[in-house]
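Subject: Structure handover

Hi there,

Here is the structure I promised to pass on to you. Please open it alongside this note, and I will walk you through what turned up.

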Amino acid sequence: MRTDCLIGVLDPDQPATVRVRYVQFDGGPGHIPAILDRIWSHTCSHDAVTLADRLLAHQWSYLDDGVTTDTAITFTGEQPVPGIGMASDLDADRQVEVLPLRAAVEHVSWVYVIDPTHATVTVHNHANLREPFALHRLTDPAQPVPDTGRPRPSELFTAVRDAGTTHGLILADTWALDAFGGTHAQAQVTALRVLTGDPAAPQALPDSGAPGSQGSAPTDLADVLGASDWSRLTPVRRSEVLDAWRAAVAAARADRTVAHCRRLLAAVGGGTGRDLSSLHPDRLRVGGVGVFAGDWAAVPAPSGQTRLPVGFVGVLTGSWNGFAVFTCTRQVAEAIVADQQLQRERHRTWLIDRGRGPDDADREVDESMATMRFDGDTIVVDETAVSGDPDAVTRIEPDPDGQYSVMGGSWTWQAVDPHDCENIIGVLPAPGAQQQFVELPHTGLRVPHDRLRVTDVRALPGTPPTFVATLALDDTPVAEAHSGEDGFHLSPRSAAFGRDHWTTYLSGCRQHGRPASDTQVLAALITEHRVGQAARQATTDGAVLTRLVAADGTMVRLRPVWPAPRGYSARTQLGQLLQREDPHPRGHLWQWWTGTTWKHLAAATDQRTTTDPRTITDATGHKATLGQLLAHIIAESLYERLDRDQLIKQAAGDGIPLDRQMSDDQIRALLRAAHRERGRDAGLPVDDLPTLTADQGLELGRIATGGAPTNPTATTVQPTPSDPDQPPTH
C-alpha cells in the first residue's frame, strides 16, 4: 500500500480549490492526523493558521514533530525543520500545487485538507476530493503516534543497511565453506592470501542482490521498503538506497571473510581499531608478548610509510645478533609455515612470469628459500638446496609448554609496531596482561612476575652454617626460606602468600626451559638479592660489577672493578686483563653489568696472544718507525704529570682495575705497564726502550719536531739510530 500523500489548506480566495504540498513517506490516515495534532499542539501553540503556513512552506520527506536541527538526514538535499518534519528538495522549484476539489488525484494515496477556522482536518481518498473519507478535529495528543509497521523515514537507511549486512554475511559464510574445504595447509595458505591482499586469493561470491530492473526492488529489500514504496522513489532516491545497501553488503562480506581467515589462523588484531601501543617494541622486554615479522617482509605503502602485510604474535625470549628470538603457539607456528609456503609460491610465479620453465622455477625456489612442513608436532625445515649441505635439515620441537621457536636464532625476526601490520596472526593479550613471564637478570630464571623477591639474608649459628632469607611480595614480608642439607625450605608467614600461592608461582618458573624445583627457585631469588646488592654498591663506589660465568650460565666469579671503565676500548682492555689475571677452570665468559643487563666483556677461553717483544713489526707486519717509538716513549713519560684524579680517570679509560689504597706512584706503574702492553701488541720493542721523566719526554718531543735542545743531557737517554727508518739497536 502506498504511503505518500498531499497535505494542504482550502484557498480562501478560491473556495473550490485546495493548496497542497507533497509528503513522500508515512502518509496514511493511521499516522498523519496524530502527527498533525502534535505539530499543532507542540510547535504551533494551537494555531491552525500557523500550522497551515508552516506545512505549505516546503515539500516534505516526512512529518514528525520530534525532528530537531541535529536530526540526521536520510537522503541528500533534505533539511530538518524543527518541530515539523524533514523538508525535501523533491520538485524544489515547484510552487504550491493548487487542486480543484472535484478532481481525482492519481499520483498519491491520500489528501488532507486543513480548515484553520474550525481547526479540523478532512481526510480524502485520492479518488474523491469532494466527499471526505473522514473528519478529524485537531486536539491535544493523548496517544503516541501509531506504528505503521514500516521503518520510519529517519530509520529507513538503518533498515536498508541491516538488510545489506545480513546479505553480506550470508555471502561470506557460503564462500568460507567452499574456500576452506580442502586440507588444513591449503586453507591456511588461502587465509593468508586473503589477509595479505594477494590478487590470487579466491574471491567471495559476487553481489547477487542487484535489481533486475529499475521498476522492481531487490529481493533483499522487498521486506524493508515494499514494492509500492520502491516504485514511488525517484531514480535519485533509488540510487541512494541501493548504494547504502550495496555498501553494507560489501562491508559485511569483507569483515566476515577476514574473520573467517583470522579464526582459521587464530588471528586477531590488524584492523580491529584496538589501541596496541602497549605492545610497541620500545616497551617489549623478555617474557612480554609482542608482534614479530621478518626484516624481509616490510613493503612501502602509498603514503611512503613502511607497512607489513602480516605480523605474528609471540613471546620474546631473547636476542641473536640484534634480532629477536620468540616463542609462539601451534596456531601461529602453522601460520608461519603457511606464510613460507605462500612466499615460495609467489616467487615461483614471479620466475615463471619471467620466462622460467616450471622445473627451473622449482629448482631456483628451492635454492633461495627453505621448505617447511609439519611432521606431527615437529616443524621440519629443509635448507639442503639453499646451503648445498645434505645435512641442513632442522627439526623444531615444541617446548614443554607446547610453544615453538620458529627459526629463532637463525632468521632475522624483528619486534614490530602492531599498528604497522595490516594483519596480525595470534591472540593478543588484554591491556596490562602482555607480560607472560619475567627473566631475572642475574640468574636467568623465568618467573611469573617480579613482585616476589628476597629482601634480606641472615646467617644462623651452628654446624654446618645455615642462613634464612626473607621473601617479600610487593615489599611486604610474606615468607622465609631456610637453608638445609637437602636444599631450601619455604615457610609462609602471611595469609597474603600461603602455600597455594607458592605452588602457583613455582608452576610458572622455568630454568633453561624446564620446570624449576623449590630449591632452584629459592637459590635463584637469594642470588638475585646478593648480586643486586653488589651491583648497587659498585655503582655507589664508582665501580662496575663484572662476573665470570660457566658455559651453562652459572656464575663462578663476581668481581667489582674500580674505577668503572670508560667506553668500549676500556672495557675491551679490562676483559683482556681479566682473562689473564683471574682465570677459572670452569670460566667461559666475562660480562659486565650495565645497570639493566649483563653484556659481553671477553671470552674467558679465548686468551689473547701478544707479539714477541723482541720483534720490531706491528700487527700488520710492517716495521716499526722511529716516529712510533718516540710517540710511545713520550706518552709514557707524561703519566708523571697527572694528579690523582687524572690518574684514576686515565685508569678508567684504559680499563685498569685499581685499589682505593693505592698510592699515586702505584697507579702510575699500572698505567705504564698497560701502556707498554699496548706497545707490545703493536710490535714495538718496548722492553728495550728507556723510561723517561715528564721533562725528558717533553724535551724529546720538542727536538723530534725540529726544535733545538735546551738541555743536552735530555737527549743522551735516547740513542740516535743510524737509519731513520729503523728502530734503535742496542
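**The chain as a whole**

Of the 730 residues in the protein chain, 43% count as buried. Please keep in mind that this is a predicted model. The chain holds 18 helices and 31 strands. If you take the contacts between residues at least 6 apart in sequence, 60% of them join residues at least 24 apart. The accessible surface comes to about 36300 Å², and carbon and sulfur atoms account for 51% of that.

In soluble globular proteins, nonpolar side chains tend to be buried together. Here the largest nonpolar core has 37 residues, and Phe180, Phe312, Cys328, Ile336, Ile379, Val406 and Trp413 are those with the most contacts inside it. At least two residues of this core come from each of helix H3 (156-179), helix H4 (184-195), strand S13 (311-320), strand S14 (323-327), helix H8 (330-353) and strand S16 (378-382). H8 gives the largest share, seven residues.

Beyond the residues up to four places away in sequence, Cys328 touches Val313, Gly314, Ala333, Ile336, Gly402, Gln403, Tyr404 and Val406. Another core, of 26 residues, lies apart from the largest one, and its members include Val438, Ala469, Val478 and Phe488.

Ser41 sits in helix H1 (residues 32-43). Is Ser41 buried or exposed? Its relative accessibility is 13%, and since the cut-off for buried is under 20%, Ser41 counts as buried. The side chain of Ser41 makes a polar contact with the side chain of Asp140, at 2.9 Å. Setting aside neighbours within four places in sequence, Ser41 is in contact with His46, Asp140 and Pro141.

In the loop between H1 and H2 you will find Ser45. Although Ser45 is not a glycine, its phi is positive, at about 55°. Ser45 counts as exposed because its relative accessibility is 55%, the cut-off for exposed being over 50%.

Next comes the cap on H2. Asp47 caps the N-terminal end of this helix, with a side-chain oxygen 3.0 Å from the backbone nitrogen of Val49. Which residues of helix H2 (residues 48-55) are buried? They are Ala48, Leu51, Ala52 and Leu55. These residues lie on the same side of H2, because they cover an arc of only 95° around the axis. An α-helix has 3.6 residues a turn, so residues three or four places apart point the same way. The cover over the buried residues of H2 includes strand S1 (5-11), strand S2 (14-23), H1, strand S3 (59-63) and strand S7 (110-115).

**Backbone details to check**

Most residues other than glycine have a negative phi, and most peptide bonds are trans. Besides Ser45, with its positive phi, have a look at Asp474, whose phi is near 55°, a positive value in a residue other than glycine. Asp474 is in the loop between strand S23 (466-473) and strand S24 (476-484). With a relative accessible area of 41%, Asp474 is partly exposed.

There is also a cis peptide bond, from Trp562 to Pro563, with omega near 0°. Pro563 lies in the loop between strand S29 (555-561) and helix H13 (568-581).

Notes. Residues numbered from 1 in each chain as written. Predicted model: local features only at pLDDT ≥ 70, side-chain atom pairs only at ≥ 80, totals over all residues. Heavy atoms only, no water. Core = buried A, V, L, I, M, F, W, Y, C linked by side-chain atoms within 4.5 Å. Buried < 20%, exposed > 50% of the residue type's maximum accessible area, 1.4 Å probe, protein only. Helix = DSSP H or I, 4+ residues; strand = E, 2+ residues; numbered from the N terminus. Contact = heavy atoms within 4.5 Å. Areas by Shrake-Rupley, 256 points an atom, 1.4 Å probe, with all protein chains shown as cover. Polar contact = N/O pair within 3.5 Å; in protein donor to acceptor, adjacent residues only side chain to side chain. Arc of directions from axis to C-beta.
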